[in-house]
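Subject: Structure for you to look at, with notes

Dear colleague,

I am handing over the structure we talked about, and below it you will find my notes on what turned up when I went through it. Please read them with the model open beside you.

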Amino acid sequence: MIQSPSILEEKTAARRRLLVLGLVLTAQLMVVLDATIVNIALPDISGALNFSPTGLSWVINAYTLVFGGLLLLGARAGDILGRRKVFLAGIALFTVASLLGGFATSSGLLLAARAVQGVGAALAAPSALALLMTMFPDARERTKAIGYYTAVSIGGSAVGLIAGGMLTQWVSWRWVLFVNVPIGIAVIAIALRVLPETARRSGHFDLAGAITSTLGMTGLVYGFVRAASSGWGDPVTLIAFALGVVLLGTFVAVEVRAQSPIVPLRLFADRDRAVSYVARLLLVAGMMGMFFFLTQFLQDVLHYSAVVSGLAFLPLTIVLFTASQVSARVLTGRFPAKTVMAVGLTSSTLGLLWLTQLHATSSYLDLLFPLVLFGLGNGLAFVPLTSTSLRGVEPADAGAASGLVNVMQQVGGALGLAVLVTVFGSASRAAVSPAGASAVEKAQHAFVVGADRGFFVAACFLAATVILVLVAIRPQPKPAAVAQDGDLDSEAAELSASAAAAHA
């Protein structure tokens, strides 16, 4: 039977859409994984490149700070220069930086490569999502595509811990970076064939805003990390804090006057939205600290292998993904967002508090239940937190609002980790080891004391978030009925689609 040209064209278009979906999901997975995949490799990286315990946090922060700081500028670049071009440039830069990072022979070279990876991710991520929305104009198909994208975004960080463990133990820590090279080359090769170019728009780059915000946050993070090793009275520490504050003040002044600001300050005028941004920042701050300390605790104190350490996070991954789906498909359609957020954040807080009871002779069961509580809480809170961040946003600001959600996530991780590393450094130096302990036992004791204090402060971040949500977020009417396809709450689906499509 000979098919009509229209049917053949539709099948070809459908195959092309699937390829684009696969490309976007792969690119998003690369970007999300790279924030956590190096966590399991940190002990090996520290030994190979002579990082200090506090300086090791820069392996994470060099990526997240640049990624978060330039993310909105990357989205703007896609609008002005064309999203296909910017996406390809971002993936190419990310791939080259991964290759150079894998070959790094010093801590400085590795950190430089991680920063360049952040630039590539900031270019690729927003253009990838915008291209996805362009290729799926049908509302039902678009909602499904967003569902896959969200699943990768939520689960990718935890999957990175498992993948990092396997690569570190079976090959080398360098392969947590090298693994991006063949994937990046394949993505570029396929993208050149199937990605359409989008129309360019006239506009201006807010370079001053991007530079002052990124350098300002870097100054604050450097100040905290420096304080962990050199003390609060150290002149370099004080100068770093002063520069950070001045640059962030300059950023606000620039945004007030900018013709096309990367962060329209009017987005913070709505109280609920502003609170949700702060809540996300604090939530991710606690989460990144938990990953950072717990991965080292598993390997350096409990002497787990890299693979076993990665697999130890599998329950968190499963619970996180399941809870996020329940939150999106059931809870947000039946209960106010404020209630779901408060319950989820309370669960995460209890999980972190439980981790403060860890000691050198802890077993995996001592970790399992806190991980489950933490994964459950984060999964429940993620969807209503995002919906609150996007509720009531004008169409012209939807792109900036959705981008700011991701910025808060990256910046929160970097700033939170810097604060917790400072707490860790102070507590571990003050730790008093048992009499007659060996050098190894003293080091383990100091680490456990420092990590426990870090877990406690991370739990304080989340406890403050619970209070903030309960006190500051206004009660909302009962949620609307679920969407016709039964997959997502109609309001959440609409908000996600409009935010994602803002660059499309």
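In what follows, a residue is called buried when its relative accessible area is under 20%, exposed when that value is over 50%, and partly exposed in between. By that rule Asp272 counts as buried, because its relative accessible area is 2%.

Please keep in mind throughout that this is a predicted model. The protein chain has an average pLDDT of 84, and 90% of the residues reach at least 70. The stretch to treat with care is residues 481-504, where the pLDDT is below 50, although in the model this stretch has 52 contacts beyond near neighbours in sequence.

Salt bridges

The count of salt bridges comes to 4, and three of them are described here. Asp270 pairs with Arg474, with 3.3 Å between the closest N and O atoms. Asp270 sits in the loop between α10 (235-257) and α11 (271-301), while Arg474 sits in the loop between α17 (439-472) and α18 (490-500), so this pair ties together parts of the chain that are 204 residues apart in sequence. Both ends of the pair are partly exposed, Asp270 with a relative accessible area of 25% and Arg474 with one of 35%.

Arg474 also forms a salt bridge with Asp272, where the closest N and O atoms are 3.4 Å apart. This pair, too, links distant parts of the chain, since Asp272 belongs to helix α11 and Arg474 to the loop between α17 and α18, 202 residues away.

Elsewhere, the side chains of Asp34 and Arg114 meet in a salt bridge with an N to O distance of 2.8 Å. Asp34 lies in the loop between α1 (5-33) and α2 (42-49) and Arg114 in helix α5 (residues 107-135), so that the pair links parts of the chain 80 residues apart. Asp34 is buried at a relative accessible area of 1%, and Arg114 is likewise buried, also at 1%.

Nonpolar cores and a surface patch

What is the size of the largest nonpolar core, and which residues have the most contacts inside it? It has 109 residues, and those with the most contacts within it are Met290, Leu294 and Phe313. Helix α11 supplies the largest share of this core, with 17 residues. If neighbours within four places in sequence are left aside, Leu294 is in contact with Phe313, Leu358, Leu367, Leu371 and Phe455. Apart from this core lies another one of 25 residues, among them Phe87, Ile91, Ala128 and Leu131.

On the surface, Leu81, Phe205, Leu207, Ile211 and Leu215 form a nonpolar patch, and together they have about 440 Å² of accessible area. Helix α9 (residues 207-230) gives the most to the patch, with 3 residues, whereas Leu81 has its place in helix α3 (residues 58-81). Leu81 counts as partly exposed, because its relative accessibility is 36%.

A pair of glycines

Gly377 lies in helix α15 (residues 364-390) and is buried, with a relative accessible area of 0%. Gly377 and Gly344 are 33 residues apart in sequence, yet their C-alpha atoms are 3.7 Å apart in space. Leaving aside neighbours within four places in sequence, the contacts of Gly377 are with Gly344, Leu345, Ser347 and Ser348.

Backbone angles

Most residues other than glycine have a negative phi. Against that background, Asn50 has a positive phi of about 60° although it is not a glycine, and Asn50 is found in the loop between α2 and α3. Asn50 counts as exposed, at 68% relative accessibility. His303 likewise has a positive phi, near 60°, and the place of His303 is in the loop between α11 and α12 (306-311). With a relative accessible area of 56%, His303 is exposed.

With best wishes

Terms used
Residues are numbered from 1 along each chain as its sequence is written. Side-chain values use heavy atoms; hydrogens and water are left out. pLDDT is the predictor's confidence in each residue, from 0 to 100. Contact means heavy atoms within 4.5 Å. Patches are made of residues with over 30% relative accessible area and no salt bridge: like charges are joined within 9 Å, nonpolar side chains (Val, Leu, Ile, Met, Phe, Trp, Tyr) within 5 Å. Accessible areas come from the Shrake-Rupley method with a 1.4 Å probe; for residues, only the protein chains shown count as cover. Helices (H or I, at least four residues) and strands (E, at least two) are DSSP runs, numbered from the N terminus. Buried means under 20% relative accessible area, exposed over 50%, partly exposed in between (1.4 Å probe, protein chains only). A nonpolar core is a set of buried Ala, Val, Leu, Ile, Met, Phe, Trp, Tyr and Cys residues joined through side-chain atoms within 4.5 Å.
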